[in-house]
Amino acid sequence: MPEQPIFLTRPYLPPLEEFLPYLEEIWASRRLTNGGPFHQQFEEALRQYLGVPQVCLFANGTLALMTALQALRITGEVITTPYTFAATTHALLWNGIKPVFVDIRRDTCNLDEELVEAAITPRTTAILPVHCYGNPCASLRLQQIADSYGLKLIYDAAHAFGVSVDRHSLLEQGDLAMLSFHATKVFNTFEGGAIICHDAKLKQRIDYLKNFGFADEVTVVAPGINGKMSEFQAALGLLQLKHIDQAIAARMRIDRRYRDALASVAGVRCLVAADGVKPNGGYFPILIGSEYPLSRDQLYDRFRSRNIHVRRYFHPLISDLPMYRGIASAAPANLPVATSIAKQILCLPIYPDLDHKVVDRISEIVCSPY
Ligand code: T4K
């Protein structure tokens with residue numbers, strides 16, 4: 001009998017019977033979308049849970065990011081990281097914006113703030129960093145740079161649900177932050193996303209933009225898109241909020257178990273959260289260095305041969321994809337750290353109900369390369 005596959009992640013779902021009353025309400029009301037009651041309740045509950053001023057819900061994170069760029073009227077060039085999921089950079093391209101890639105830091109895998117200034121040109125209008133794996137970017141410095149050059153700062157916080165620094169949500173940082181509630185994320189509504197913003201006026205603009213630009217039945221104030229979250233997603237989100245603290249705690253127990261098991265393996269490095277950071281256990285990335293007896297890809301193959309679906313997030317680099325590699329800043333010589341990390345990275349399975357015995361089996365595979 002082949003072994004059951006172990007996936008990188010399994011979406012957390014609450015007990016089905018807890019969701020049925022929500023479904024009955026939707027079925028009875030026939031209110032399915034366009035800012036219905038669950039949408040309103042979830043938006044407010046999420047705002048309070050995250051401790052942020054304003055939340056705008058979306059059908060998914062990519063639409064949220066595309067709309068965030070529209071909302072702030074970003075044009076020209078945007079400085080961003082090559083070490084991310086394709087959606088970050090595609091959102092720029094879909095808005096006719098040129099991405100300018102800047103290298104990342106070895107410790108956090110985030111945009112290297114000290115390299116940003118040198119990439120600013122007269123066409124630069126914004127910086128788009130990613131809190132990769134939920135690791136906080138150097139936001140104080142990034143904000144300082146944005147302020148002194150008059151640039152907007154938009155965070156791709158797709159991985160950062162519930163992460164705080166010194167008890168402040170990461171999502172308060174910058175002009176806007178985008179979240180993803182995709183099935184594979186710490187907090188999921190099957191598909192879903194949000195923009196976090198600071199004031200009601202901007203929220204109003206974003207809410208118009210995600211509804212085709214409609215301000216009322218006959219007034220269209222902007223060329224908007226359909227980015228609306230449905231009542232099904234919003235109802236699930238409301239219920240998921242009741243379980244999220246336990247789900248994150250379960251992830252963090254697995255995170256600690258991996259760290260303990262892998263602490264003394266030569267050539268294997270785990271990323272470490274800085275002081276004051278409350279992480280969310282969304283990913284468990286390890287870096288396979290040259291002292292390790294196997295290459296990253298040999299270790300990857302070893303896992304796959306045992307039906308364990310580890311992933312190489314984020315290889316290949318976005319800057320190596322065909323639609324970006326012609327951009328001058330995409331040259332590997334401009335991105336030495338990202339280029340080397342993309343060759344070393346391996347994300348191990350992590351999700352709330354991953355059996356600790358399986359965690360130990362996965363650790364054992366890393367610990368015994370011979
Ligand atoms: N910015 C960043 C930095 C992001 O990482 C993402 C999304 C976005 C923006 C865009 O947000 P969204 O528009 O997605 O809201 C996955 C996700 O599709 C994607 O949301 C995510 N990032 C990215 C990092 O990962 P794939 O193609 O690698 O996922 P897939 O289908 O191979 O699934 C990964 C694992 O999860 C597998 O082991 C199977 C398991 N799985 C997956 C799904 C979808 C399940 O068990 N059940 C499921 O329903 O992209």
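Which residue caps the N-terminal end of helix 6?

**Entry 1: ground rules**

I began by noting that this is a predicted model, in which local features need pLDDT of at least 70 and side-chain atom pairs count only at pLDDT 80 or more, while totals for chains, interfaces and linings use all residues. Residues are numbered from 1 along each chain as its sequence is written, and side-chain values use heavy atoms, with hydrogens and water left out.

**Entry 2: helix 6**

I looked up the cap and found Asp-199, which has a side-chain oxygen 3.1 Å from the backbone nitrogen of Lys-201. For polar contacts I wrote down the rule: a pair of N or O atoms within 3.5 Å, where within protein one must be able to donate a hydrogen and the other to accept it, and residues adjacent in sequence count only if both atoms are side-chain atoms. I also wrote down that helices (H or I, at least four residues) and strands (E, at least two) are DSSP runs, numbered from the N terminus.

I then listed the buried residues of helix 6, which spans residues 200-209, and they are Leu-202, Lys-203, Ile-206, Asp-207 and Leu-209. They lie on the same side of helix 6, because they cover an arc of only 160° around the axis; the arc is that of the directions from the helix axis to the C-beta atoms. Buried here means under 20% relative accessible area, exposed means over 50%, and partly exposed is in between (1.4 Å probe, protein chains only). An α-helix has 3.6 residues a turn, so residues three or four places apart point the same way.

I next asked what the buried residues of helix 6 pack against. They pack against helix 2 (37-50), strand 1 (54-58), helix 3 (61-71), strand 8 (176-180) and strand 9 (193-197), where contact means heavy atoms within 4.5 Å.

**Entry 3: helix 9 and strand 14**

In helix 9 (residues 336-344) I found Val-337, Ala-338, Thr-339, Ile-341 and Ala-342 to be buried. The elements that the buried residues of helix 9 pack against are strand 12 (268-270), strand 14 (284-288), helix 8 (296-305) and strand 15 (345-348).

Strand 14 pairs with strand 12 in the antiparallel sense over three bridges, and Ile-288 is the bridge partner of Val-268. Strand 14 also pairs with strand 15, again antiparallel, over four bridges, and there Ile-286 has Leu-346 as its bridge partner. Two strands are said to pair if DSSP finds at least two bridges between them.

I looked up an open sheet of three strands in the order 7-6-13, with antiparallel pairing. Its edge strands are strand 7 (168-169) and strand 13 (277-278), each of which pairs on one side only. Two bridges join strand 6 (residues 164-165) to strand 7, and Ser-164 stands opposite Ser-169.

**Entry 4: the ligand**

How many residues surround the ligand? I noted 26, the closest being Arg-10, Thr-62, Asp-156, Arg-311 and Tyr-313, and a residue is near if one of its heavy atoms lies within 4 Å. A polar side-chain atom of Arg-10 lies 2.4 Å from an oxygen atom of the ligand, while a polar backbone atom of Gly-61 is 2.9 Å from a ligand oxygen. Taken alone the ligand exposes 920 Å², of which the protein buries 77%, the areas coming from the Shrake-Rupley method with a 1.4 Å probe, where for residues only the protein chains shown count as cover.

**Entry 5: single residues in loops**

Is Thr-81 buried or exposed? I found Thr-81 buried, with a relative accessible area of 1%, in the loop between strand 2 (77-80) and helix 4 (86-94). Its side chain reaches the backbone nitrogen of Tyr-83 at 2.9 Å.

Arg-73 counts as exposed at 59% relative accessibility, whereas Cys-109 counts as buried at 1%.

Lastly I noted two cis peptide bonds, from Tyr-313 to Phe-314 with omega near 15°, and from His-315 to Pro-316 with omega near 0°.
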